[in-house]
Amino acid sequence: MKILVTGATGYIGKRLIPLLLNDGHTIVCTVRDKNRTPINFLNEKRIEIVEVDFLKSETFNNIPKDIDTAYYLIHSMSNSSTEFHTLEERCAQNFKNYIETTATKQVIYLSGITNDTKLSKHLLSRKNVENRLASNNYALTTFKAGIIVGSGSSSFEIIRDLVEKLPFMITPKWLNTKTQPIAIRDVLAFLQRAIGKKELYNKSFDIFGPEILTYKEMLLQFAEIRGLKRRIITVPLMTPKLSSYWLYFVTSTSYKLAASLVNSMGIEIIGKPSNIYQLLKVQPISYKEAVENAFVKIEQNSIVSSWKDSFISSALESDLHKHINVPTYGCFTDKKQRILKNENFTLDKIWAIGGKNGWYYGTFLWKLRGYIDLIFGGIGLRRGRTHPTKLNNGDSLDFWRVIYVNKEAKKLLLYAEMKLPGEAWLEFKIEDNILYQTATFRPQGIAGRLYWYAVTPFHWFVFNGMISKLAKSS
(Lines give C-alpha, C1' and ligand atoms only; values in the text may rest on other atoms or scores of the structure.)
Protein backbone atom coordinates (compact mmCIF):
# COMPACT_ATOMS: atom_id res chain seq x y z
CA MET A 1 0.00 0.00 0.00
CA LYS A 2 0.96 3.63 -0.44
CA ILE A 3 0.57 5.29 2.97
CA LEU A 4 0.47 9.04 3.63
CA VAL A 5 1.90 10.08 7.01
CA THR A 6 1.31 13.65 8.10
CA GLY A 7 3.33 14.99 11.02
CA ALA A 8 6.16 12.73 9.83
CA THR A 9 8.83 14.55 11.85
CA GLY A 10 6.77 14.51 15.05
CA TYR A 11 7.01 12.25 18.08
CA ILE A 12 4.53 9.64 16.75
CA GLY A 13 5.36 9.95 13.07
CA LYS A 14 9.08 9.23 13.46
CA ARG A 15 8.26 6.00 15.31
CA LEU A 16 5.39 4.85 13.12
CA ILE A 17 7.12 5.15 9.74
CA PRO A 18 9.78 2.43 10.38
CA LEU A 19 7.00 0.03 11.42
CA LEU A 20 5.07 0.71 8.22
CA LEU A 21 8.22 0.18 6.15
CA ASN A 22 8.78 -3.16 7.87
CA ASP A 23 5.26 -4.14 6.80
CA GLY A 24 6.25 -3.51 3.18
CA HIS A 25 4.39 -0.25 2.59
CA THR A 26 5.53 2.71 0.53
CA ILE A 27 5.41 5.94 2.53
CA VAL A 28 4.66 9.52 1.52
CA CYS A 29 5.74 11.92 4.29
CA THR A 30 4.41 15.45 4.53
CA VAL A 31 6.78 17.95 6.11
CA ARG A 32 6.54 21.69 6.37
CA ASP A 33 10.25 22.04 5.74
CA LYS A 34 12.37 19.38 3.98
CA ASN A 35 15.37 20.61 5.96
CA ARG A 36 13.88 18.95 9.05
CA THR A 37 13.65 15.52 7.42
CA PRO A 38 15.62 12.84 9.34
CA ILE A 39 18.63 11.59 7.38
CA ASN A 40 17.47 7.96 7.55
CA PHE A 41 14.19 8.96 5.84
CA LEU A 42 16.04 10.74 3.03
CA ASN A 43 18.12 7.61 2.38
CA GLU A 44 15.12 5.25 2.22
CA LYS A 45 13.97 4.49 -1.35
CA ARG A 46 10.40 3.69 -0.28
CA ILE A 47 9.90 7.10 1.34
CA GLU A 48 8.79 10.13 -0.68
CA ILE A 49 9.11 13.51 1.04
CA VAL A 50 6.69 16.30 0.08
CA GLU A 51 6.46 19.81 1.52
CA VAL A 52 2.98 20.78 2.69
CA ASP A 53 1.83 23.75 4.76
CA PHE A 54 -1.53 22.64 6.13
CA LEU A 55 -2.73 26.24 6.35
CA LYS A 56 -2.13 26.72 2.60
CA SER A 57 -4.46 24.54 0.54
CA GLU A 58 -2.46 25.02 -2.68
CA THR A 59 0.53 23.14 -1.21
CA PHE A 60 -1.52 19.92 -0.94
CA ASN A 61 -1.04 19.44 -4.70
CA ASN A 62 2.42 18.06 -3.82
CA ILE A 63 0.72 14.94 -2.42
CA PRO A 64 0.24 12.16 -5.01
CA LYS A 65 -3.31 11.08 -5.82
CA ASP A 66 -2.77 7.31 -5.51
CA ILE A 67 -2.80 7.21 -1.70
CA ASP A 68 -4.46 4.15 -0.12
CA THR A 69 -4.43 5.10 3.59
CA ALA A 70 -3.57 8.37 5.34
CA TYR A 71 -2.54 9.10 8.93
CA TYR A 72 -3.53 12.46 10.39
CA LEU A 73 -0.99 13.17 13.14
CA ILE A 74 -1.10 16.98 13.10
CA HIS A 75 -1.44 18.46 16.58
CA SER A 76 -0.48 21.69 18.29
CA MET A 77 0.22 22.22 21.98
CA SER A 78 1.09 25.86 21.44
CA ASN A 79 -0.48 28.73 23.34
CA SER A 80 1.19 31.26 21.08
CA SER A 81 -2.02 31.97 19.21
CA THR A 82 -5.39 32.70 20.77
CA GLU A 83 -6.91 31.24 17.60
CA PHE A 84 -4.96 27.97 17.62
CA HIS A 85 -8.20 25.93 17.68
CA THR A 86 -9.39 27.74 14.55
CA LEU A 87 -6.05 27.07 12.87
CA GLU A 88 -6.20 23.37 13.79
CA GLU A 89 -9.69 23.07 12.31
CA ARG A 90 -8.60 24.88 9.16
CA CYS A 91 -5.67 22.45 8.78
CA ALA A 92 -8.07 19.51 9.14
CA GLN A 93 -10.49 21.00 6.63
CA ASN A 94 -7.74 21.65 4.07
CA PHE A 95 -6.49 18.08 4.54
CA LYS A 96 -9.99 16.64 4.12
CA ASN A 97 -10.74 18.72 1.01
CA TYR A 98 -7.66 17.41 -0.75
CA ILE A 99 -7.76 13.80 0.44
CA GLU A 100 -11.33 13.52 -0.85
CA THR A 101 -9.90 14.06 -4.36
CA THR A 102 -7.46 11.15 -4.00
CA ALA A 103 -7.91 7.37 -3.99
CA THR A 104 -7.67 7.27 -0.18
CA LYS A 105 -10.01 4.71 1.38
CA GLN A 106 -9.18 5.25 5.07
CA VAL A 107 -7.90 8.10 7.25
CA ILE A 108 -6.54 7.19 10.70
CA TYR A 109 -6.55 10.02 13.23
CA LEU A 110 -4.79 9.99 16.59
CA SER A 111 -6.61 12.17 19.12
CA GLY A 112 -6.98 12.37 22.90
CA ILE A 113 -9.64 10.94 25.21
CA THR A 114 -12.48 13.47 25.43
CA ASN A 115 -15.08 11.88 27.70
CA ASP A 116 -15.07 14.49 30.49
CA THR A 117 -17.96 16.95 30.25
CA LYS A 118 -15.57 19.84 30.95
CA LEU A 119 -12.77 19.73 28.38
CA SER A 120 -9.67 21.90 28.11
CA LYS A 121 -9.45 23.99 24.95
CA HIS A 122 -6.82 21.61 23.54
CA LEU A 123 -8.92 18.48 24.08
CA LEU A 124 -11.99 20.30 22.74
CA SER A 125 -9.98 21.20 19.66
CA ARG A 126 -9.06 17.51 19.18
CA LYS A 127 -12.77 16.66 19.26
CA ASN A 128 -13.61 19.38 16.75
CA VAL A 129 -10.85 18.18 14.42
CA GLU A 130 -12.37 14.69 14.46
CA ASN A 131 -15.70 16.18 13.39
CA ARG A 132 -13.99 18.09 10.58
CA LEU A 133 -12.23 14.99 9.27
CA ALA A 134 -15.44 12.93 8.94
CA SER A 135 -16.22 12.31 5.25
CA ASN A 136 -18.49 10.45 2.87
CA ASN A 137 -15.59 9.87 0.48
CA TYR A 138 -13.30 7.92 2.82
CA ALA A 139 -13.65 6.04 6.12
CA LEU A 140 -12.36 7.74 9.27
CA THR A 141 -10.85 5.68 12.09
CA THR A 142 -10.15 7.65 15.27
CA PHE A 143 -8.02 6.49 18.19
CA LYS A 144 -8.31 8.59 21.34
CA ALA A 145 -5.27 7.98 23.53
CA GLY A 146 -4.65 8.57 27.20
CA ILE A 147 -1.36 10.05 28.49
CA ILE A 148 1.37 8.51 26.29
CA VAL A 149 4.36 7.08 28.17
CA GLY A 150 7.60 6.42 26.32
CA SER A 151 11.19 7.56 26.01
CA GLY A 152 11.18 11.13 24.78
CA SER A 153 7.46 11.78 25.33
CA SER A 154 6.61 15.07 27.05
CA SER A 155 4.73 13.37 29.90
CA PHE A 156 7.59 10.92 30.54
CA GLU A 157 10.28 13.61 30.51
CA ILE A 158 8.31 15.96 32.78
CA ILE A 159 7.65 13.20 35.33
CA ARG A 160 11.31 12.18 35.13
CA ASP A 161 12.45 15.75 35.83
CA LEU A 162 10.13 16.08 38.82
CA VAL A 163 11.03 12.74 40.36
CA GLU A 164 14.78 12.88 39.83
CA LYS A 165 15.21 16.52 40.88
CA LEU A 166 12.85 16.89 43.84
CA PRO A 167 12.96 14.58 46.90
CA PHE A 168 10.10 16.59 48.43
CA MET A 169 7.30 18.21 46.40
CA ILE A 170 4.57 20.68 47.29
CA THR A 171 2.36 20.29 44.26
CA PRO A 172 -0.87 21.61 42.69
CA LYS A 173 -4.15 19.84 43.37
CA TRP A 174 -4.38 18.59 39.79
CA LEU A 175 -1.90 15.85 40.77
CA ASN A 176 -4.95 14.07 42.21
CA THR A 177 -6.65 13.99 38.79
CA LYS A 178 -7.24 10.49 37.47
CA THR A 179 -5.91 9.30 34.13
CA GLN A 180 -5.20 6.11 32.18
CA PRO A 181 -1.65 6.23 30.79
CA ILE A 182 -0.77 4.10 27.78
CA ALA A 183 2.64 2.95 26.53
CA ILE A 184 3.92 4.37 23.26
CA ARG A 185 4.45 0.75 22.13
CA ASP A 186 0.72 0.08 22.40
CA VAL A 187 -0.31 3.32 20.67
CA LEU A 188 1.89 2.40 17.71
CA ALA A 189 0.44 -1.13 17.64
CA PHE A 190 -3.10 0.27 17.33
CA LEU A 191 -2.07 2.67 14.55
CA GLN A 192 -0.08 0.05 12.67
CA ARG A 193 -2.72 -2.69 12.79
CA ALA A 194 -5.70 -0.51 11.87
CA ILE A 195 -4.81 -0.25 8.17
CA GLY A 196 -7.55 -1.65 5.95
CA LYS A 197 -9.65 -3.04 8.83
CA LYS A 198 -13.19 -2.41 7.57
CA GLU A 199 -14.67 -3.15 10.99
CA LEU A 200 -12.93 0.05 12.18
CA TYR A 201 -14.27 2.26 9.40
CA ASN A 202 -16.13 5.38 10.55
CA LYS A 203 -15.64 4.48 14.20
CA SER A 204 -13.89 6.03 17.19
CA PHE A 205 -12.08 4.09 19.93
CA ASP A 206 -10.56 5.11 23.25
CA ILE A 207 -7.18 3.46 23.80
CA PHE A 208 -5.66 3.36 27.27
CA GLY A 209 -3.57 1.31 29.66
CA PRO A 210 -4.93 -1.24 32.16
CA GLU A 211 -4.76 1.06 35.23
CA ILE A 212 -6.51 4.19 36.46
CA LEU A 213 -3.88 6.30 38.23
CA THR A 214 -3.61 9.82 39.56
CA TYR A 215 -0.66 11.92 38.43
CA LYS A 216 0.61 11.66 42.00
CA GLU A 217 0.54 7.86 41.82
CA MET A 218 2.39 8.03 38.50
CA LEU A 219 5.13 10.12 40.12
CA LEU A 220 5.45 7.75 43.08
CA GLN A 221 5.53 4.62 40.90
CA PHE A 222 8.16 6.26 38.71
CA ALA A 223 10.22 7.00 41.83
CA GLU A 224 9.85 3.38 42.95
CA ILE A 225 11.19 2.12 39.63
CA ARG A 226 14.17 4.47 39.94
CA GLY A 227 14.83 3.38 43.51
CA LEU A 228 14.09 6.84 44.91
CA LYS A 229 12.09 7.84 47.99
CA ARG A 230 9.82 10.81 47.31
CA ARG A 231 7.31 12.69 49.44
CA ILE A 232 4.49 14.62 47.76
CA ILE A 233 2.02 17.03 49.34
CA THR A 234 -0.76 18.56 47.23
CA VAL A 235 -2.15 21.99 48.05
CA PRO A 236 -5.19 23.82 46.61
CA LEU A 237 -3.45 27.20 46.53
CA MET A 238 -1.66 26.99 43.19
CA THR A 239 -3.51 28.72 40.36
CA PRO A 240 -3.11 27.39 36.79
CA LYS A 241 -0.61 30.18 36.10
CA LEU A 242 1.46 29.35 39.18
CA SER A 243 1.28 25.66 38.30
CA SER A 244 2.56 26.44 34.80
CA TYR A 245 5.51 28.39 36.20
CA TRP A 246 6.19 25.55 38.67
CA LEU A 247 6.47 23.05 35.80
CA TYR A 248 8.47 25.50 33.70
CA PHE A 249 11.15 26.14 36.32
CA VAL A 250 11.44 22.57 37.63
CA THR A 251 11.22 20.58 34.38
CA SER A 252 12.64 20.87 30.87
CA THR A 253 9.31 21.94 29.37
CA SER A 254 8.73 25.30 27.71
CA TYR A 255 6.26 27.66 29.39
CA LYS A 256 3.72 27.48 26.57
CA LEU A 257 3.70 23.68 26.73
CA ALA A 258 3.53 23.77 30.55
CA ALA A 259 0.47 26.03 30.36
CA SER A 260 -1.20 23.71 27.85
CA LEU A 261 -0.49 20.64 29.98
CA VAL A 262 -1.77 22.27 33.18
CA ASN A 263 -5.04 23.18 31.44
CA SER A 264 -5.45 19.57 30.35
CA MET A 265 -4.26 17.90 33.57
CA GLY A 266 -7.26 19.12 35.51
CA ILE A 267 -9.44 16.96 33.25
CA GLU A 268 -10.01 13.28 34.00
CA ILE A 269 -8.80 11.17 31.08
CA ILE A 270 -10.69 7.92 31.58
CA GLY A 271 -11.41 5.79 28.53
CA LYS A 272 -14.59 4.00 27.50
CA PRO A 273 -14.13 0.22 27.11
CA SER A 274 -14.61 -1.30 23.65
CA ASN A 275 -13.68 -4.40 21.67
CA ILE A 276 -10.73 -2.67 19.94
CA TYR A 277 -8.22 -4.67 22.00
CA GLN A 278 -9.64 -7.94 20.73
CA LEU A 279 -10.08 -6.70 17.14
CA LEU A 280 -6.43 -5.65 16.82
CA LYS A 281 -5.00 -8.17 19.28
CA VAL A 282 -3.30 -5.56 21.48
CA GLN A 283 -2.71 -6.27 25.17
CA PRO A 284 -1.68 -2.96 26.78
CA ILE A 285 1.13 -3.09 29.32
CA SER A 286 1.13 -1.48 32.75
CA TYR A 287 2.45 2.00 33.53
CA LYS A 288 5.45 0.56 35.39
CA GLU A 289 6.35 -1.69 32.46
CA ALA A 290 6.04 1.26 30.07
CA VAL A 291 8.47 3.28 32.22
CA GLU A 292 10.90 0.36 32.46
CA ASN A 293 10.80 -0.06 28.65
CA ALA A 294 11.49 3.63 28.22
CA PHE A 295 14.64 3.43 30.33
CA VAL A 296 15.86 0.45 28.31
CA LYS A 297 15.70 2.69 25.21
CA ILE A 298 17.46 5.51 27.05
CA GLU A 299 20.26 3.24 28.27
CA GLN A 300 20.73 1.90 24.74
CA ASN A 301 20.79 5.45 23.29
CA SER A 302 18.00 4.37 20.94
CA ILE A 303 15.43 7.13 21.47
CA VAL A 304 13.78 7.43 18.06
CA SER A 305 11.97 10.72 18.69
CA SER A 306 11.57 13.31 21.43
CA TRP A 307 9.07 16.07 22.13
CA LYS A 308 12.10 18.39 22.64
CA ASP A 309 12.84 18.23 18.91
CA SER A 310 9.37 19.56 18.13
CA PHE A 311 8.79 23.28 17.80
CA ILE A 312 6.44 23.13 20.83
CA SER A 313 9.68 23.20 22.82
CA SER A 314 11.00 26.00 20.69
CA ALA A 315 11.20 29.75 20.44
CA LEU A 316 11.49 29.30 16.67
CA GLU A 317 8.09 29.58 14.98
CA SER A 318 9.17 29.77 11.34
CA ASP A 319 10.75 27.41 8.82
CA LEU A 320 14.34 26.29 9.26
CA HIS A 321 15.44 27.25 5.75
CA LYS A 322 14.89 30.94 6.53
CA HIS A 323 17.81 30.78 8.98
CA ILE A 324 20.27 28.67 6.98
CA ASN A 325 21.78 31.62 5.12
CA VAL A 326 23.63 33.40 7.90
CA PRO A 327 23.44 37.18 7.36
CA THR A 328 26.52 39.37 7.15
CA TYR A 329 25.21 42.93 6.83
CA GLY A 330 24.79 44.73 10.15
CA CYS A 331 26.11 41.75 12.12
CA PHE A 332 28.79 41.19 14.73
CA THR A 333 30.96 38.09 14.33
CA ASP A 334 33.46 36.14 16.38
CA LYS A 335 35.63 34.09 14.00
CA LYS A 336 38.26 31.61 15.08
CA GLN A 337 40.21 28.84 13.35
CA ARG A 338 42.61 26.06 14.29
CA ILE A 339 44.75 23.60 12.34
CA LEU A 340 43.66 20.07 13.20
CA LYS A 341 45.80 17.12 14.19
CA ASN A 342 43.00 14.55 13.82
CA GLU A 343 40.13 15.73 11.63
CA ASN A 344 37.82 12.75 12.29
CA PHE A 345 38.34 12.99 16.05
CA THR A 346 37.39 16.69 16.02
CA LEU A 347 34.38 16.02 13.80
CA ASP A 348 33.08 13.42 16.27
CA LYS A 349 33.56 15.89 19.15
CA ILE A 350 31.56 18.54 17.28
CA TRP A 351 28.75 16.06 16.63
CA ALA A 352 28.68 15.21 20.36
CA ILE A 353 28.66 18.81 21.62
CA GLY A 354 26.12 19.95 24.21
CA GLY A 355 23.78 17.99 26.45
CA LYS A 356 25.58 15.82 28.99
CA ASN A 357 28.81 16.16 27.00
CA GLY A 358 28.83 19.91 27.62
CA TRP A 359 30.50 22.60 25.51
CA TYR A 360 34.07 21.55 26.38
CA TYR A 361 35.16 24.84 27.94
CA GLY A 362 33.79 27.44 30.35
CA THR A 363 31.10 25.07 31.61
CA PHE A 364 30.21 27.42 34.47
CA LEU A 365 29.54 30.29 32.07
CA TRP A 366 27.39 28.12 29.79
CA LYS A 367 25.31 27.07 32.80
CA LEU A 368 25.09 30.66 34.04
CA ARG A 369 23.84 31.77 30.61
CA GLY A 370 21.23 29.01 30.78
CA TYR A 371 19.99 30.17 34.20
CA ILE A 372 19.81 33.78 32.99
CA ASP A 373 17.78 32.62 30.01
CA LEU A 374 15.34 30.82 32.32
CA ILE A 375 14.86 33.93 34.45
CA PHE A 376 13.89 35.90 31.34
CA GLY A 377 11.42 33.24 30.20
CA GLY A 378 13.70 31.30 27.86
CA ILE A 379 14.36 27.56 27.64
CA GLY A 380 17.80 27.46 29.25
CA LEU A 381 20.00 24.38 28.91
CA ARG A 382 17.35 21.94 30.13
CA ARG A 383 16.43 20.30 26.83
CA GLY A 384 19.86 18.75 26.29
CA ARG A 385 19.97 16.58 23.19
CA THR A 386 18.06 13.47 22.07
CA HIS A 387 21.10 11.33 21.14
CA PRO A 388 24.64 11.72 22.56
CA THR A 389 26.44 11.50 19.19
CA LYS A 390 23.86 11.84 16.38
CA LEU A 391 22.22 15.00 15.05
CA ASN A 392 19.39 15.71 12.61
CA ASN A 393 18.15 18.94 11.11
CA GLY A 394 15.59 20.44 13.47
CA ASP A 395 16.95 18.77 16.63
CA SER A 396 17.09 20.78 19.83
CA LEU A 397 20.56 21.19 21.34
CA ASP A 398 20.37 22.88 24.74
CA PHE A 399 19.24 26.43 23.89
CA TRP A 400 20.16 26.02 20.21
CA ARG A 401 18.28 24.52 17.27
CA VAL A 402 20.13 22.48 14.62
CA ILE A 403 19.56 24.38 11.37
CA TYR A 404 21.93 22.45 9.13
CA VAL A 405 23.90 19.28 9.79
CA ASN A 406 25.96 17.35 7.26
CA LYS A 407 28.82 15.18 8.46
CA GLU A 408 30.07 14.46 4.94
CA ALA A 409 30.28 18.20 4.27
CA LYS A 410 31.79 18.61 7.77
CA LYS A 411 29.43 21.41 8.72
CA LEU A 412 27.11 22.09 11.66
CA LEU A 413 25.02 25.25 11.93
CA LEU A 414 23.06 26.16 15.07
CA TYR A 415 20.46 28.90 15.63
CA ALA A 416 20.00 30.39 19.10
CA GLU A 417 16.63 29.95 20.84
CA MET A 418 17.62 31.76 24.01
CA LYS A 419 16.09 35.15 24.86
CA LEU A 420 18.18 37.71 22.98
CA PRO A 421 17.88 41.31 21.74
CA GLY A 422 18.59 39.97 18.25
CA GLU A 423 19.41 36.71 16.44
CA ALA A 424 22.47 34.46 16.83
CA TRP A 425 24.10 31.63 14.88
CA LEU A 426 27.02 29.32 15.73
CA GLU A 427 28.77 27.49 12.90
CA PHE A 428 31.41 24.75 12.90
CA LYS A 429 33.04 23.91 9.58
CA ILE A 430 36.13 21.89 8.60
CA GLU A 431 37.94 22.63 5.34
CA ASP A 432 41.42 21.48 4.30
CA ASN A 433 42.16 20.20 7.81
CA ILE A 434 41.26 23.57 9.39
CA LEU A 435 38.40 24.03 11.85
CA TYR A 436 36.47 27.28 11.40
CA GLN A 437 34.22 28.36 14.28
CA THR A 438 32.02 31.40 13.67
CA ALA A 439 29.55 33.06 16.05
CA THR A 440 27.26 35.58 14.32
CA PHE A 441 24.94 38.03 16.06
CA ARG A 442 22.43 40.29 14.30
CA PRO A 443 21.46 42.93 16.90
CA GLN A 444 18.02 44.42 17.27
CA GLY A 445 18.31 48.10 18.05
CA ILE A 446 20.56 49.71 20.64
CA ALA A 447 19.80 46.96 23.19
CA GLY A 448 21.27 44.37 20.83
CA ARG A 449 24.47 46.33 20.31
CA LEU A 450 24.91 46.95 24.04
CA TYR A 451 24.35 43.22 24.67
CA TRP A 452 27.10 42.25 22.22
CA TYR A 453 29.61 44.65 23.72
CA ALA A 454 28.75 43.43 27.24
CA VAL A 455 29.30 39.75 26.45
CA THR A 456 32.32 40.14 24.13
CA PRO A 457 34.88 39.46 26.92
CA PHE A 458 33.04 36.28 27.90
CA HIS A 459 32.79 35.23 24.22
CA TRP A 460 36.54 35.60 23.79
CA PHE A 461 37.16 33.41 26.83
CA VAL A 462 34.55 30.72 26.05
CA PHE A 463 34.84 30.51 22.25
CA ASN A 464 38.64 30.59 22.28
CA GLY A 465 38.77 27.77 24.83
CA MET A 466 36.08 25.76 23.03
CA ILE A 467 37.78 25.71 19.64
CA SER A 468 41.11 24.83 21.28
CA LYS A 469 39.50 21.85 23.02
CA LEU A 470 37.82 20.76 19.77
CA ALA A 471 41.11 20.94 17.87
CA LYS A 472 42.97 18.69 20.31
CA SER A 473 43.65 15.21 19.00
CA SER A 474 42.85 13.44 22.30
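Colleague: How many cavities of 30 Å³ or more does the count come to?

Modeller: This is a predicted model, and the count comes to 3 cavities of 30 Å³ or more. The largest cavity has a volume of about 100 Å³.

Colleague: Which elements give two or more residues to the lining of the largest cavity?

Modeller: They are helix 5 (154–165) and helix 7 (215–225). Helix 5 provides the largest share, 4 residues. The lining includes Ser155, Ile158, Ile159 and Leu162, as well as Tyr215, Met218 and Leu219. Among the other lining residues are Trp174, Leu247 and Met265.

Colleague: What is the make-up of that lining by class?

Modeller: There are 11 nonpolar residues and 1 polar residue, with no charged residues.

Colleague: What makes Lys407 and Asp348 a salt bridge?

Modeller: The criterion is a side-chain nitrogen of Lys or Arg within 4 Å of a carboxyl oxygen of Asp or Glu. The closest N and O atoms of Lys407 and Asp348 are 2.9 Å apart, so the pair qualifies under that cut-off. The pair links distant parts of the chain, 59 residues apart: Lys407 lies in the loop between strand 16 (400–406) and strand 17 (411–416), and Asp348 in helix 12 (residues 343–351).

Colleague: Why are Lys407 and Asp348 called partly exposed?

Modeller: Partly exposed residues fall between the buried limit of under 20% and the exposed limit of over 50%. Lys407 has a relative accessible area of 35% and Asp348 has 43%, so both take that label.

Colleague: Is Glu427 buried or exposed, and what is its salt-bridge partner?

Modeller: The relative accessible area of Glu427 is 14%, which is under 20%, so the residue counts as buried. Its partner is Lys411, with the closest N and O atoms 3.4 Å apart. Lys411 is in strand 17 and Glu427 in strand 18 (residues 422–431), 16 residues apart. Lys411, at 23%, is partly exposed.

Colleague: Which parts does the pair of Arg442 and Glu423 tie together?

Modeller: The side chains of Arg442 and Glu423 meet in a salt bridge at 2.5 Å, N to O. Arg442 belongs to strand 19 (residues 434–443) and Glu423 to strand 18, so the pair ties together parts that are 19 residues apart in sequence. Arg442 is partly exposed, with a relative accessible area of 32%.

Colleague: How many salt bridges are there by this rule, and which residues are linked in a network?

Modeller: The count comes to 17 salt bridges. Arg160, Glu164 and Arg226 are linked in a network of salt bridges.

Technical notes:
Residues are numbered from 1 along each chain as its sequence is written. This is a predicted model: local features need pLDDT of at least 70, side-chain atom pairs count only at pLDDT 80 or more; totals for chains, interfaces and linings use all residues. Side-chain values use heavy atoms; hydrogens and water are left out. On a 1 Å grid over the protein atoms alone, a cavity is a set of points where a 1.4 Å probe fits but cannot get out, and a pocket is an open set with protein on both sides within 12 Å along at least five of seven lines; lining residues have an atom within 4 Å of a point. Grid points are joined across faces, edges and corners, and a volume is the space filled by probe spheres set on the points. Ala, Val, Leu, Ile, Met, Phe, Trp, Tyr, Cys and Pro count as nonpolar, Asp, Glu, Lys and Arg as charged, and the others, Gly among them, as polar. Buried means under 20% relative accessible area, exposed over 50%, partly exposed in between (1.4 Å probe, protein chains only).
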